[in-house]
Amino acid sequence: MVVIAVGLPAGLSALGLVGHAPPRVTTALSIAVLDELAILVAVSSVVAVAAYRFRFPGGLLFGAMMSSAILHGSGMIQAIMPWWVANAAMVAMGAITGSRFANTPLRLLLNFITAAFGSFAMAVTIAALFAAVLIKVLSLRAAEVMIAFAPGSVDAMMLLALALNLDPVYVGAHHLTRIFFVSLTMPLVARRTARSLKVKSEKAKPLTKRPPFQD
């Protein structure tokens, strides 16, 4: 995750696929927009908590994002969060993402570093192949496609999309689809694997002779 979060933006910048993010459009906090901001915060909070309770992948993040997109896209509200709120939220997201490394023994990280880099290289190769085909066929923006196909967590990739001024909806939709696909297929794969291992273990057991029947 650290390699993706640090290396991917640096690589995209080195290739000239992303530049400096332009200043975000913000509005000054005034009494005139307090009612719209209150509606935005209330609706986003309710939808985010509901999505989280229903165990929706990334519910707190996507619930708030979808409700805000609907409110702004439909023209019901026009208010935008002040810059200091947006910056504080990005700092909080970064801190939460980094806190996942808490209480992780260094020896444990070193023991699995080879397997981690091996699986990382395989995942990056597969994702890069699919992303390259998609960019070639549909002529999409390369930076957005690479972030959308990057094998990272939803919150970290959303944070990268926001930091690089990419479309968070496009990136989030891809990672949400990936989570749904994995969530639906992994139980089936695990059940089939467990059943196959059980059959193999039963075949490997030595046959025991039954004792003769006695009156």
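Reader: What makes you say that helix 6 and helix 7 meet?

Author: Contact means heavy atoms within 4.5 Å, and A127, F130, A131, L134 and I135 in helix 6 meet A142, V145, M146 and F149 in helix 7. Helices here are DSSP runs (H or I, at least four residues), numbered from the N terminus. This is a predicted model, where local features need pLDDT of at least 70, side-chain atom pairs count only at pLDDT 80 or more, and totals for chains, interfaces and linings use all residues. Residues are numbered from 1 along each chain as its sequence is written, and side-chain values use heavy atoms, leaving out hydrogens and water.

Reader: Why is helix 7 called largely enclosed?

Author: Because six of its eight residues (142-149) are buried. Buried means under 20% relative accessible area, exposed means over 50%, and partly exposed lies in between (1.4 Å probe, protein chains only). The buried ones are A142, A143, E144, V145, I147 and A148.

Reader: How do you know that E144 is buried?

Author: E144 has a relative accessible area of 15%, and the cut-off is under 20%, so E144 counts as buried. Leaving aside neighbours within four places in sequence, E144 touches L166, D167, Y170 and V171.

Reader: And V46, buried or exposed?

Author: V46, over in helix 2 (residues 34-53), has 58% relative accessibility, so V46 counts as exposed.

Notes: Helix = DSSP H or I, 4+ residues; strand = E, 2+ residues; numbered from the N terminus.
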